[in-house]
Amino acid sequence: MIDDIHRLDPGIRLRPVTASDAASLAASLTRSRTYMSPWEPRRPDAFYTEQGQGERLAGILADQAAGRVRSWVLADEEDRAVGGFNLNAIVLGPFRSATLGYWVDVEYAGRGLATAAVRLICDLARDELRLHRVEAGTLLHNDASRRVLTKCGFEQFATVPRYMHIDGDWRDHRLFQRILHDGPVTGAPATAGA
């Protein structure tokens, strides 16, 4: 189920994000700041605080309640958030699509956790949200993220110049998609965007 806790690795679970994750997200993002800086927008120092993450989570949870977003964290054995995964811009109707974003704490990178979580999230998107496709983008030189996506069945469908402002400049991206099913649109949940 989309709101369940899923074990990915000994001591690591994927679970829905909660407002109480603000402190551990701030700690994980601070620890990973230098590691992730080539792949992320530049953010103010306040973003890396518990208050900054609390404000960000309030927005995510409001969007989730409105059906526009689904958000999970990787949680360690002490239930601290050490990674984040989002299905953003969920659109139903004839489009039935969402955009995937994710990151993993520097201390947990390279263990296959992103691949396991992306596979699971795609299954949940297909089986519970009944989405037709999930899209994701990577910087041209982000080979690790490209490998995660291709292992999970995503195919590149475009290269877009100056697609997103990352690490201080407008950067070219590769766009990937995974078609989840080609079935009818019937029986879809009514809670996500129209």
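Predicted model: local features only at pLDDT ≥ 70, side-chain atom pairs only at ≥ 80, totals over all residues.
Q: How many bridges join β6 to β8?
A: Strands (E, at least two residues) and helices (H or I, at least four) are DSSP runs numbered from the N terminus. Two strands pair if DSSP finds at least two bridges between them. β6 covers residues 133-139 and β8 residues 169-179; they run antiparallel, and the bridges number seven.

Q: Which residue in the turn between β7 and β8 has a positive phi?
A: β7 (residues 155-166) pairs with β8 in the antiparallel sense over eight bridges. Isoleucine 166 stands opposite aspartate 169. The two strands form a hairpin with two residues between them, and the phi of about 45° belongs to aspartate 167.

Q: Which strands stand at the edges of the sheet?
A: The open sheet has eight strands with mixed pairing, in the order β1-β2-β3-β4-β5-β6-β8-β7. An edge strand has a single partner, so one of its sides is left without a neighbour in the sheet; these are β1 (6-9) and β7.

Q: What angle does helix α1 make with β4?
A: Helix α1 (residues 22-31) packs on the sheet, touching β3, β4 and β5. Contact means heavy atoms within 4.5 Å. Axes are lines fitted to C-alpha atoms, for helices over the stretch in contact, and angles run from 0 to 180 degrees between N-to-C directions. The angle between α1 and β4 is about 100°.

Q: Which residue's side chain makes a polar contact of 2.5 Å with that of arginine 15?
A: Arginine 15, in strand β2 (residues 12-16), is buried at 7% relative accessible area. Buried means under 20%, exposed over 50%, partly exposed in between (1.4 Å probe, protein chains only). A polar contact is a pair of N or O atoms within 3.5 Å; within protein, one must be able to donate a hydrogen and the other to accept it, and residues adjacent in sequence count only if both atoms are side-chain atoms. The partner at 2.5 Å is aspartate 21.

Methods:
Residues numbered from 1 in each chain as written. Heavy atoms only, no water.
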